[in-house]
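This briefing gathers computed features of one protein chain for a reader who has the sequence and coordinates at hand.

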Amino acid sequence: MEQSPARQAAPQPAPEQIAQAVPEPQTQAAQTAQKPLPAPVPEVKASAVPVPQPGLDVDPLTAAIAEQEVKAEQKAAKSLFEKAPVFAYGSAKEEITDPGMTFEELRIAKSDDFPELGEGKKVSWTVEYGKTVKTITDPKGTTITSVKTEIEQSKHFLDALKKAKDKNPDCLVKPRVTAQSKGIATYKGVFTSLEEAQESGKAICLFPGSDGKVYELRKTGLGEFIAPKNNVTDFAAVRAGFTPALPLVPMELLAQIVSFFRCCMTGSEKFEALAHILWDKQEQEFVVRIPTQSVTRAHIDADLSGEDLSGERYLHYIDIHSHNTMEARFSSIDDEDEQATRIYIVMGRLEKFFPDMTVRMSCGGAYLELDPGCVLESFGAVFPQEWRTKVKLIRRDSPPVLQPLNEPP
């Protein structure tokens with residue numbers, strides 16, 4: 001019968017292998033002498049435990065410098081975190097003394113100085129702190145200091161601060177107007193007459209009256225209401241004035257006219273006189289025309305029937321007349337006569353070395369006084385350059401330093 005592998009006899013070693021494996025017998029004393037004795041354990045006191053020292057490859061000076069740098073960074077960070085946030089809008093910057101307020105409260109506080117911030121839903125806020133920019137999603141429920149602290153505690157901000165050249169950035173709180181209305185509202189309209197306003201489908205209508213006022217019509221279920229509109233904000237602001245399209249009248253030409261006026265004042269009678277200043281479009285220069293006229297001390301009667309100058313070539317720019325030795329003021333007769341749209345000048349006190357002068361424009365009979373420099377050349381002759389070097393300027397609002405005239409202030 002064949003046995004299973006588990007019950008098979010293990011192979012027996014050869015006699016010579018057994019002889020080599022058995023060591024020679026030794027005495028017990030020899031065995032004891034060969035066995036090493038354990039080293040005695042020294043007694044260690046707690047106070048004698050050495051303090052771990054830096055590795056031998058660490059320079060103590062480098063370690064000290066690193067420690068000082070860490071302390072400096074911590075000190076700088078503390079100083080930075082204690083800085084007040086700054087309100088920044090356009091060119092205006094101001095420290096926020098109460099950072100515990102919300103962004104909405106700050107908007108209300110600044111809306112007096114910046115009316116465009118008056119409507120909260122049209123204003124958005126961001127906080128820019130170093131390289132970190134955070135958009136404020138809840139201006140009414142978010143305080144400024146909470147956002148500043150949140151940024152300061154973020155890893156992104158601290159990592160960027162270590163790399164930044166500016167280690168002391170301002171925490172800028174910036175509003176921005178995100179919406180702006182233009183034009184007139186859809187329920188309002190501007191019309192040329194009351195009839196047009198009534199026929200329109202607008203609830204609020206503006207139109208001019210024959211008295212020169214602007215009127216407002218409001219249509220409701222109760223009826224139509226009409227009243228003068230005192231503060232019309234729907235129209236653009238307009239500034240009355242004159243913007244010349246021609247060069248300034250040369251001083252030499254004006255001096256000739258003054259001499260002519262003075263010539264009419266010779267003798268006991270001091271007569272007035274009239275001159276016209278025209279622009280020659282062909283020659284691109286001003287010319288003076290003296291119309292045929294009958295004059296007294298206080299009246300001028302000019303005859304323009306024989307005027308033969310071409311309107312295609314000449315522009316009638318200025319009427320200038322004299323009041324001899326009287327004041328340079330326009331009379332009621334002047335107001336009745338000077339209706340055409342052009343420039344008018346009256347000269348008085350012609351007996352003085354520099355006579356008096358008043359300049360005005362007529363816009364369809366509506367008058368507005370002008371600065372003479374708007375249409376006339378002033379004194380401005382070229383003088384020798386060396387004159388400037390003879391004058392030193394001493395300014396009252398600065399230390400008494402002599403400043404040559406030929407140097408800019």
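A salt bridge is taken here as a side-chain nitrogen of Lys or Arg within 4 Å of a carboxyl oxygen of Asp or Glu. By this rule the count comes to 17 salt bridges, in a structure that is a predicted model. The chain is built from 9 helices and 19 strands.

**Salt bridges**

- Side chains of opposite charge can pair when their charged atoms come close.
- Lys-155 forms a salt bridge with Asp-159, with 2.6 Å between the closest N and O atoms; both residues belong to helix 6 (residues 155–163), where they lie 4 residues apart, about one turn of the helix.
- Within this pair, Lys-155 counts as exposed because its relative accessibility is 63%, while Asp-159, with a relative accessible area of 28%, is partly exposed.
- Asp-319 and Arg-342 also meet through their side chains in a salt bridge, at 3.7 Å from N to O. This pair links distant parts of the chain, 23 residues apart, since Asp-319 is in strand 14 (residues 314–322) and Arg-342 is in the loop between helix 9 (332–337) and strand 15.
- Asp-319 has a relative accessible area of 12% and is therefore buried.
- A further salt bridge joins Lys-352 to Asp-356, whose closest N and O atoms are 2.9 Å apart; Lys-352 is partly exposed, with a relative accessible area of 37%, and Asp-356, at 29% relative accessibility, counts as partly exposed.
- Glu-119, Lys-121 and Lys-122 are linked in a network of salt bridges.

- The hairpin formed by strand 1 and strand 2 has 2 residues between the strands, and Gly-90 in the turn has a positive phi of about 65°.

- Strand 7 (residues 204–208) and strand 8 (residues 214–220) are paired in the antiparallel sense over 5 bridges, and Cys-205 stands opposite Leu-217 in strand 8.
- The hairpin of strand 8 and strand 9 has 2 residues between the strands.

**Cysteines**

- A disulfide is a covalent bond between the sulfur atoms of two cysteines.
- A search of the whole structure finds 0 disulfides. For Cys-263, the closest cysteine sulfur is in Cys-264 at 5.7 Å, which is too far for a bond.
- Cys-171 counts as buried because its relative accessibility is 3%.

**Burial, contacts and surface**

- Of the 409 residues in the chain, 26% are buried, and residues 24 or more positions apart account for 52% of the contacts with a separation of 6 or more.
- Ile-345, found in strand 15 (residues 343–348), counts as buried because its relative accessibility is 0%.
- Leaving aside neighbours within four places in sequence, the residues in contact with Ile-345 include Ile-318, Asp-319, Phe-330, Met-357 and Leu-376; the C-alpha atoms of Ile-345 and Ile-318, 27 residues apart along the chain, are separated by 7.3 Å.
- The accessible surface of the chain comes to about 29,500 Å², of which 55% belongs to carbon and sulfur atoms.
- Phe-353, Phe-354 and Phe-379 make a nonpolar surface patch of about 440 Å². Phe-379 lies in the loop between strand 17 (366–370) and strand 18 (392–393), and with 65% relative accessibility Phe-379 counts as exposed.

Terms used
Residues numbered from 1 in each chain as written. Predicted model: local features only at pLDDT ≥ 70, side-chain atom pairs only at ≥ 80, totals over all residues. Heavy atoms only, no water. Pairing = 2+ DSSP bridges. Disulfide = S-S within 2.5 Å. Buried < 20%, exposed > 50% of the residue type's maximum accessible area, 1.4 Å probe, protein only. Contact = heavy atoms within 4.5 Å. Areas by Shrake-Rupley, 256 points an atom, 1.4 Å probe, with all protein chains shown as cover. Patch = residues over 30% accessible without salt bridge, like charges linked within 9 Å, V, L, I, M, F, W, Y side chains within 5 Å.
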